[in-house]
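Subject: Structure for your review

Dear colleague,

Please find below the structure that I promised to pass on to you. My notes on what was found follow it.

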Amino acid sequence: MPIIRNLGRAASQLLQSSGCGCGVSLVPVRAIGVSPRQVASDASFHSVTFSESDHPRVLITGGLGQLGVGLAKLLRKRFGKNNVILSDIRKPADNVFYSGPFIFADILDYKNLREIVVNNRITWLFHYSALLSAVGEANVPLARAVNITGLHNVLDIAAEHNLRLFVPSTIGAFGPTSPRDPTPDLCIQRPRTIYGVSKVHAELMGEYYHYRYGLDFRCLRYPGIISADSQPGGGTTDYAVQIFHDAMKSGKFRCYLRPDTRLPMMYIDDCLKATLEIMEAPAEALTMRTYNINAMSFTPEELAQEVQKYVPELQVTYNVDQVKQAIADSWPMNFDDSNARRDWGWKHDYDLPELVTTMFSYLGSDSRIAQAN
């Protein structure tokens, strides 16, 4: 196994150095897969349930992204502060560090990740480490290492240690040949970004590990997620977050998608609620391992009109980014999430008007909003 370990360390170093903005040049690396490590072919697994333990012991990888901190806050309220460990390879802000347990965890370092799971008696793992759509296209070798090799490490550790594993998927897991309005759970996918390809790979590998090794794998395909407590991270749907910040700061917003580009979206509280609900759902209620979830579907023009009810003088211009537009045009316009609603009772709380009201309430009022009100 030393070859795998050395490859993991090399990729880890590249990942950790990528934040300096110095344009690291990466050479594609081919990893040697051994799946699952130290697991007998006839092994049978089960996840720890509440009948066996008062609360799950939770690890969140990639925890400093858009969703990890909010998920940790929700889970700590439910399961206790010390039962939820947030992890990342970056240094957390003070408010995050002092809000509950935080550790360094590099998903490309198999040995270290395995030690974390064992030493902390982890029973649930939320795997959020990934490079998103537009960022991944700018650095495909790094995206492949993080999104695919890292996933393999997580799958093997989850199978070996009987974890309940959640891996998020995305609207980016579909492609231009997929039915777009609506997009069902099961259909042709064929994405054209490394992010989408890696997420299809995650869906299929998780399902394979479930049927082959009994791994309790659960996955949701997220629409575009909108939140007020994080900055846009380079994703194709991040315009729907940026517009609120720009409306309040300058009253001017430049959108990189066409005004008629329709995509499924969701407020972060609905996203986090759905994630907890799928993890708590009885195993016998689940008819599939990966579900679509949806709340609303809108265009940049429709969102701008709703925002202008609060900031009437908001000026919106469109400067189309051809790369992001091509990605958006290959994605679903609307998700069919009827299976999630039927199987485990999924129901969203926020539509577009509630979303806009909540975003402005969270971000606070300035003279523009006060005047509009």
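**Ser 330 and its surroundings**

The side chain of Ser 330 has a polar atom that lies 2.7 Å from the backbone oxygen of Ile 327. A polar contact is a pair of N or O atoms within 3.5 Å; within protein, one must be able to donate a hydrogen and the other to accept it, and residues adjacent in sequence count only if both atoms are side-chain atoms. Ser 330 belongs to the loop between helix H11 (322-329) and helix H12 (338-343). Helices (H or I, at least four residues) and strands (E, at least two) are DSSP runs, numbered from the N terminus. With a relative accessible area of 8%, Ser 330 is buried; buried means under 20% relative accessible area, exposed over 50%, and partly exposed in between (1.4 Å probe, protein chains only). Beyond its neighbours within four places in sequence, Ser 330 is in contact with Phe 174, Gly 175 and Pro 176, where contact means heavy atoms within 4.5 Å.

**Basis of the values**

This is a predicted model, in which local features need pLDDT of at least 70 and side-chain atom pairs count only at pLDDT 80 or more, while totals for chains, interfaces and linings use all residues. Residues are numbered from 1 along each chain as its sequence is written, and side-chain values use heavy atoms, with hydrogens and water left out.

**The chain as a whole**

The chain has 14 helices and 13 strands. Of its 373 residues, 53% are buried.

**The nonpolar cores**

The largest nonpolar core has 72 residues; Ile 60, Phe 126, Tyr 239, Phe 298, Leu 303 and Trp 344 touch the most other members. Such a core is a set of buried Ala, Val, Leu, Ile, Met, Phe, Trp, Tyr and Cys residues joined through side-chain atoms within 4.5 Å. A second, separate core of 25 residues includes Ile 85, Leu 151, Val 154 and Ala 202.

**Helix H10**

Leu 303 is also one of the buried residues of helix H10 (residues 300-307), together with Pro 300, Ala 304, Glu 306 and Val 307. Seen down the axis of H10, these buried residues fall within an arc of 160°, so they line one face of the helix; the arc is that of the directions from the helix axis to the C-beta atoms. They pack against several elements, including helix H8 (239-249) and strand E9 (252-255).

**Gly 68**

Gly 68, in helix H2 (residues 68-79), is buried with a relative accessible area of 1%. Leaving out neighbours within four places in sequence, Gly 68 is in contact with Ile 60, Gly 63 and Leu 86.
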